[in-house]
Amino acid sequence: SLQEKSARNIYEAIQLSKSRPFDRLLFGLGIRYAGSTVAEKLAEHFGTLQRIATATYDELISVPEIGERIAETVVQYFAVAKNKELIDRLIAYGLKTEIEKDEEIDGNGILDGKTFVISGVFSRISREALADLIKKQGGKVLSSISAKLDFLVAGENMGPSKKEKAENLNVRIISENDFFGMIGQ
């Protein structure tokens, strides 16, 4: 029946989500201003969803790239009882709410210590997959361009202001193919 099929689909989706990295769960909560990069930074810094949920404004703002607006919305989100109950349920259902040791970098990647900003649309790979690839190779994905940035991976339809800022700061701008060349793919 349709109900059985629907129930089975929901069950399968839950089973699948148990194997997803915890930053994706955090992103999926839909906290205002907490996009996938922010979710990842918070996950890396705090290690568990419980720690993020109980973090103070000052603790949040001390995380690199977490600004005042993000810190405020995270604190506000976890102050709502309904949201706290949701977190407790997700934990009870067995979803990943902490970083697993195998998600951490082993420290001998080709891109160790290198920083990247990803911008635009890519033909060979999604932005999310590109970010995962950078991290697996020991690199870091940042959300904004600064003088400390090593590479801007530029895809189609990239914002002209990002390109201009990168050029002004002498950040190396590379294409998708340049990137795959760097990692030998």
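**The whole chain**

Display the surface first: the accessible surface of the chain comes to about 11,100 Å², with 51% of it belonging to carbon and sulfur atoms (Shrake-Rupley method, 1.4 Å probe). This is a predicted model, in which local features need pLDDT of at least 70 and side-chain atom pairs count only at pLDDT 80 or more, while totals for chains, interfaces and linings use all residues. Residues are numbered from 1 along each chain as its sequence is written, and side-chain values use heavy atoms, with hydrogens and water left out.

Of the 185 residues in the chain, 38% are buried (under 20% relative accessible area, 1.4 Å probe, protein chains only). Switching to cartoon gives 10 helices and 4 strands (DSSP runs of H or I, at least four residues, and of E, at least two, numbered from the N terminus).

**The sheet**

Select the strands next. They form an open sheet in the order β2-β1-β3-β4, with parallel pairing (at least two DSSP bridges between two strands). β2 (140-141) and β4 (172-174) each have a single partner strand, so one side of each lacks a neighbour in the sheet. Then select β3 (residues 151-154), which is joined to β4 by 3 bridges; here L152 stands opposite I173.

**A helix pair**

Finally, select α6 (residues 68-79) and α7 (residues 81-92), whose axes come within 5 Å and cross at roughly 80 degrees (lines fitted to C-alpha atoms over the stretch in contact, angles from 0 to 180 degrees between N-to-C directions). The two helices are therefore roughly perpendicular (65 to 115 degrees). Show side chains for Y77, F78 and A79 of α6 and for A81, N83, K84, L86 and I87 of α7, which make the contact (heavy atoms within 4.5 Å).

Key: Buried < 20%, exposed > 50% of the residue type's maximum accessible area, 1.4 Å probe, protein only. Parallel < 35°, antiparallel > 145°, perpendicular 65-115°, else oblique.
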